[in-house]
Amino acid sequence: VSLLLLFEEDIKEEVKEEVKDKEMKEEVKEEQKEEEEEPMPVAELTEEEKKQNFRKKVAPDLTPVNLSNEFAKFSLPTGEDGFDDVRFSWHPKDKSEKYFKDWIKKQKIMCKMDDLVPGEWFKQRWTEWQKVLAEWHTTTTEYNDPVKRAMREAEAEEVKWRAEEEKKAAAAAAAEAEKKEGEVDASKEGEEKKEGDEEKKEDEVEAPKAAEKAEEKPAEPAAEAKKEIDIFTVESILDIGDGEPLFAHFTFEDWALLSLRLELSLLAHAYKKDANDPERVGIHESHLPFYYNKYFSKSFTVRYYGVESHSSLIQMVKDAVSLAEGDVLATELAEDFAFDTLVRRTEDERRKRDHRLTAGDESARLKFNKPPDAPTHLVGYRGGPRVGGYAPVHGSSTLPPPPAPGQPFYGGGGGKGGPYAGGKGGGFRQNVCKQFQNHGNCRFGTGCRFSHQAA
């Protein structure tokens with residue numbers, strides 16, 4: 001009996017499994033029927049996707065460094081390479097060659113030249129600029145010197161006073177001559193003597209007044225002529241009148257923009273010369289920091305100028321450089337452009353900016369990250385026996401905080417001399433500007449907080 005019961009249970013399980021299999025097959029058939037009835041989806045590509053011949057990968061086959069060093073060696077396969085047959089499946093041969101040529105041109109712009117070395121032309125022009133810029137800074141310092149300015153004003157006052165005295169003397173002589181002539185006429189005419197005397201007295205009173213008016217009138221046109229001087233036609237930028245240089249009113253922002261105009265213009269020309277490849281039409285905007293550092297050995301930070309992008313910075317000096325087709329750096333200046341051309345353009349932009357600010361346009365105000373001002377006075381010290389003293393000299397009651405361990409000592413020498421020779425009194429000495437020491441110029445100009453004197 002037990003065996004029969006077991007057999008019946010096995011039969012029942014087999015029947016259940018067959019029923020389940022049958023139901024599953026029917027479900028599959030129904031799903032297949034539904035799929036057959038539904039239309040197959042059609043892929044739709046955008047215009048951008050249709051133009052792509054190659055799928056973009058998350059990770060490139062070559063690193064940017066390897067690509068920039070090796071892409072110039074790439075070429076299309078030919079029979080000379082040992083192939084029996086070369087077939088062009090996607091595009092005909094002429095279109096494939098054009099595509100490959102355009103790709104190479106693009107890589108020459110988008111890839112950096114790590115092995116590029118500044119040439120002699122750049123070094124010569126850069127040296128010339130450093131020398132001229134240093135002379136301009138010296139001229140500005142001398143012109144703005146309070147003592148020399150007072151002397152110039154005194155000389156001008158003296159010249160003006162002498163001219164006034166000469167005019168007064170001439171007016172008095174003319175009045176005296178008229179008086180004598182009137183006396184002769186009065187003796188002849190008799191009755192008209194009184195009227196002639198009265199006219200003479202009036203002339204004597206009015207003559208000095210007329211002379212004073214004549215003195216005042218020429219002064220106004222002279223002042224207006226100085227204001228309306230054409231900065232692009234003035235012969236010398238070192239003297240636009242009364243010994244005043246064209247850049248006399250430059251602030252540190254103007255000096256920074258002047259240097260930026262020169263550096264980017266010079267960079268645009270030097271790159272083409274040193275690359276020596278007509279297909280390398282210029283420096284791509286994204287590579288400006290790389291080449292700027294390679295040529296000028298200093299960083300290129302746009303935030304120093306108060307902007308956030310390279311294009312915004314170039315827009316500030318658009319009268320010298322611009323971004324051409326393909327976002328490459330270009331300049332309209334010739335290779336041998338005169339340095340004073342940039343001064344004229346910088347002064348022109350400064351005047352336009354001042355006019356806008358005067359009119360209430362605050363958007364014209366430059367927002368550079370200005371460095372701290374340089375110390376306005378020197379603090380004296382009394383030197384010590386060997387390492388320099390640290391005590392106030394007679395007349396000086398305060399001292400700056402002592403230097404931290406390991407830091408340069410700003411003390412005066414005394415006795416056998418300290419680090420900085422200063423005789424009996426010594427003096428507070430600033431750090432030397434590394435930019436000025438290494439390159440002969442500094443973008444901060446007279447606003448730099450470090451010393452521009454020789455170390």
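Predicted model: local features only at pLDDT ≥ 70, side-chain atom pairs only at ≥ 80, totals over all residues.
Close-up 1. Lys98 is exposed, at 52% relative accessible area, whereas Asp102 is partly exposed, at 36%.

**Close-up 2. The salt bridge between Asp277 and Lys108.** The closest N and O atoms of this pair are 3.0 Å apart. Because Asp277 belongs to the loop between α8 (252–275) and α9 (288–296) and Lys108 to helix α4, the pair ties together parts that are 169 residues apart in sequence. Lys108 is buried, with a relative accessible area of 13%. Lys108 and Asp277 also belong to a network of salt bridges that includes Glu279 and Arg280.

**Close-up 3. The lining of the largest pocket.** This pocket holds about 1500 Å³ of space. Of its 31 lining residues, Phe54, Arg55, Tyr99, Trp103 and Gln107 lie nearest the centre. Helices α3 (64–70) and α4 (93–110) each give two or more residues to the lining, and α4 gives the most, with nine. The lining comprises 15 nonpolar, eight polar and eight charged residues.

Close-up 4. His310 counts as buried, at 16% relative accessibility. A polar atom of the His310 side chain lies 3.0 Å from the backbone oxygen of Glu285. Among the residues that His310 touches, besides those up to four places away in sequence, are Ser286, Leu288, Pro289, Phe300 and Val302.

Notes
Residues numbered from 1 in each chain as written. Heavy atoms only, no water. Buried < 20%, exposed > 50% of the residue type's maximum accessible area, 1.4 Å probe, protein only. Polar contact = N/O pair within 3.5 Å; in protein donor to acceptor, adjacent residues only side chain to side chain. Contact = heavy atoms within 4.5 Å. 1 Å grid on protein atoms, 1.4 Å probe; cavity = no way out; pocket = protein on both sides within 12 Å on 5 of 7 lines; lining within 4 Å. Points joined across faces, edges and corners; volume = space filled by probe spheres on them. Helix = DSSP H or I, 4+ residues; strand = E, 2+ residues; numbered from the N terminus. Nonpolar A, V, L, I, M, F, W, Y, C, P; charged D, E, K, R; others polar. Salt bridge = Lys/Arg side-chain N within 4 Å of Asp/Glu carboxyl O.
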